[in-house]
Amino acid sequence: MLKSVILIGGPQKGTRFRPLSFEVPKPLFPVAGVPMLQHHVEECAKVPNMKEILLIGFYQPNEELTRFMCSAQQEFKISIRYLQEYAALGTGGGIYHFRDQILSGGPEAFFIMNADVCSEFPLPEMLNFQKEHGEPSSFIILGTTANRKQSMNYGCIVENQQTNEVLHYVEKPSTFVSDIINCGIYLFTPEIFQHIGAVFQKKQQDMLLYPYEGDEHTNGNGWHRAEAIRLEQDIFTALAGQGKLYVYKTPAIWSQIKSAGSAIYASRLYLNQYHKTHPERLATNKDGGPRISGNVYIHPTANIDPTAVDHSCVLNCIVGWDSTIGKWARVEGTPSDPNPNDPYAKIDSETLFRDGKLTPSITILGKLPIPYNIQLCWAGYASTIVAVTVLE
Ligand code: GDD
Ligand code: GTP
C-alpha cells in the first residue's frame, strides 16, 4: 500500500503571501476555487492503493484546517491526519520525527509533496517510472525544465541522460548548474529514513562536539539543531551519484505558489486543466445568465447579475474577504506572469522591494471589516477571468 505526506509549513512561513495568509493558513488559500491543498489531496486519492494522507506542519491545530480535513476525508473517501511538529524541523526533519506514523501499516512507498506547488501531480507516472528505473528501492524526484536564470531559485538537478539518475544536486545555487529543477514532489521508499537517520546521528554528534557553533538552523530562529534536517541540502546532495536518486521529468503544468501573484497564475493553470479534470467547476453561458468569457469558476454561494460585466474592471487583483467594489470602479494591478514567449519561464516570486524600489505587482485588497449586502469576495483577472465570488 501507499501513503502521501504533504509538508504544509507553519505560521512563520509564507511571509511573501501576506496579507492573505493572515486570514487563512496559506495552504488553505483558494486556488481555482478550492483550497491549495485540495489539488494535492484529489490526486493522491485517485492513486490505487493509497491508504492515507498525512499533513505535517507546525501550525497549531485550527478550525480551518480541521474543517478542511473533515470535508476532504468525506468527499475523497481517504483518511487524512494532521501531525504537528513541536518546532519547524525542516523538510526532512518533520518526516523523520513522524517516521513511525508514516511507516505504520507497512507502505512499500510514499509520496512527499510541498504544499506550495501547483502541479498536475503525475503520481501514477512516478510509480511506473520507479518500477522501470533503477533498483526497486530508488527514490524519485519530480523535475521540470526552467530557464537558465530562474533555475537558480530552485533545487537544481544534473542527471545522467540515459538512466535519469541524479548525478549532482544543488539547492538554489549562486551560479548556473542545470536547467532541470526540483518540483518539490518525491516518491520515497521506507529506506529513505536510514539516510535521514544517518544525518540525524551526525548532527547529534556534532552538537556534542561543538555545542556552541551555530549554523543557520540553530535555536536562534527557532530551529532545533539535530532534528532540523533539510531534504534538499542534507539528503539529496549526499545521495546524488550513489545510484539511488532518479529524476522523472514532467512536461505538464507546474508552478511554485510563493507570492499572492503566483496564486493568480496557479489558478489560471488549474482552470485551464479543468476542461479535462473538472469540467463541472467551469461556468458556462446560460440563457439569462451572466456572459462568461474564458475559464471561470463561480463559487456556489455567488449570485451574479446578468449585467455583471458592465461598468467595473478588476484586473490582476485578489479581492479579499468582505471587500466591496462599487460600480464604475477600476482596480488594477501589474501582472506578474512568466514571460509568455519563453516556454520554460517560471513565475518570479519577487520580494516587495528591489534596489530600494517597490516591485510592481498584483493588487491585493485585504479583508474589510464592514459587512455589505453584496460582497465581491475573491476576484482575479489575467487574460481570463480567474474567479469571481459574490456573496449575498
Ligand atoms: N512540516 C514542515 N516543516 N514543512 C516545512 C518546513 C518545516 O519545517 N519547512 C518548509 N516546509 C514546507 C513548506 O511549507 C513548503 O511546502 C515546502 O516545505 C518547501 O518549503 P521551503 O523549505 O521554503 O523551500 P522552497 O519552497 O524555497 O524550495 C523547495 O521547493 C522548490 C519547488 O517549489 C525546494 O525543495 C526546492 O528545491 C524546490 O525547487
Ligand atoms: P515561503 O514563502 O513559504 O518560503 O515563506 P517565506 O517567504 O517566509 O520564506 P523565506 O524563504 O523568505 O523565509 C523567511 C524566513 O523564515 C527566513 O528567515 C528563513 O530563514 C526562515 N525559514 C525558512 N524556512 C523555515 C522553516 O522551515 N522554519 C522556520 N522557523 N523558519 C524558516
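A residue is classed here as buried if 20 or more other C-beta atoms, placed from the backbone, lie within 10 Å of its own, as exposed if 12 or fewer do, and as partly exposed in between. By this criterion, buried residues make up 42% of the 392 residues in the protein. The structure is a predicted model, in which local features need pLDDT of at least 70 and side-chain atom pairs count only at pLDDT 80 or more, while totals for chains, interfaces and linings use all residues. Residues are numbered from 1 along each chain as its sequence is written, and chains are lettered from A and ligands numbered from 1 in the order in which they are written.

The protein has 10 helices and 24 strands; these are DSSP runs numbered from the N terminus, with helices (H or I) of at least four residues and strands (E) of at least two. Two residues are taken to be in contact if their C-beta atoms, placed from the backbone, lie within 7 Å. Among contacts between residues at least 6 apart in sequence, 73% join residues at least 24 apart. Val34 belongs to strand S3 and counts as partly exposed because it has 18 C-beta neighbours inside 10 Å.

The protein is divided into domain 1 (2–256) and domain 2 (283–390), with bounds that come from an automatic or database domain assignment. The contact between them takes 14 residues from domain 1 and 16 residues from domain 2. On the side of domain 1 that touches domain 2, helix H1 (20–23) and strand S13 (254–256) are the elements that give two or more residues. The residues of this side of domain 1 comprise 5 nonpolar, 6 polar and 3 charged, where Ala, Val, Leu, Ile, Met, Phe, Trp, Tyr, Cys and Pro count as nonpolar, Asp, Glu, Lys and Arg as charged, and the others, Gly among them, as polar.

Helix H3 (residues 63–76) has 14 residues, which should span 20 Å at 1.5 Å a residue, and its end C-alpha atoms are 20 Å apart, in agreement; the expected span is 1.5 Å times one less than the number of residues. The buried residues of H3 are Leu65, Phe68 and Ala72. Seen down the axis of H3, these buried residues fall within an arc of 60°, so they line one face of the helix; the arc is that of the directions from the helix axis to the C-beta atoms. An α-helix has 3.6 residues a turn, so residues three or four places apart point the same way. The buried residues of H3 pack against strand S3 (34–35), helix H2 (36–46) and strand S5 (79–84). The face turned away from the buried side carries the exposed residues Glu63, Thr66, Arg67, Cys70 and Gln74. Just after H3, Lys77 takes a positive phi of about 55°.

Helix H8 (residues 192–209) has 18 residues and reaches 26 Å from its first C-alpha to its last, close to the expected 26 Å. Ile192, His195, Ile196, Val199 and Phe200 are buried in H8. These residues cover an arc of only 140° around the axis, which puts them on the same side of H8. Their cover includes H4, strand S8 (139–145), S11 and helix H9 (231–239). Exposed residues on the face of H8 turned away from its buried side are Gln194, Gln201, Lys202, Gln205, Leu208 and Leu209.

Positive phi values also occur in loops at Asn164 and Lys172, neither of which is a glycine. Asn164, with a phi of about 65°, is found between strand S9 (155–159) and strand S10 (166–171), and counts as buried because it has 22 C-beta neighbours inside 10 Å. Lys172, with a phi of about 40°, lies between S10 and S11; its 15 C-beta neighbours inside 10 Å class Lys172 as partly exposed.
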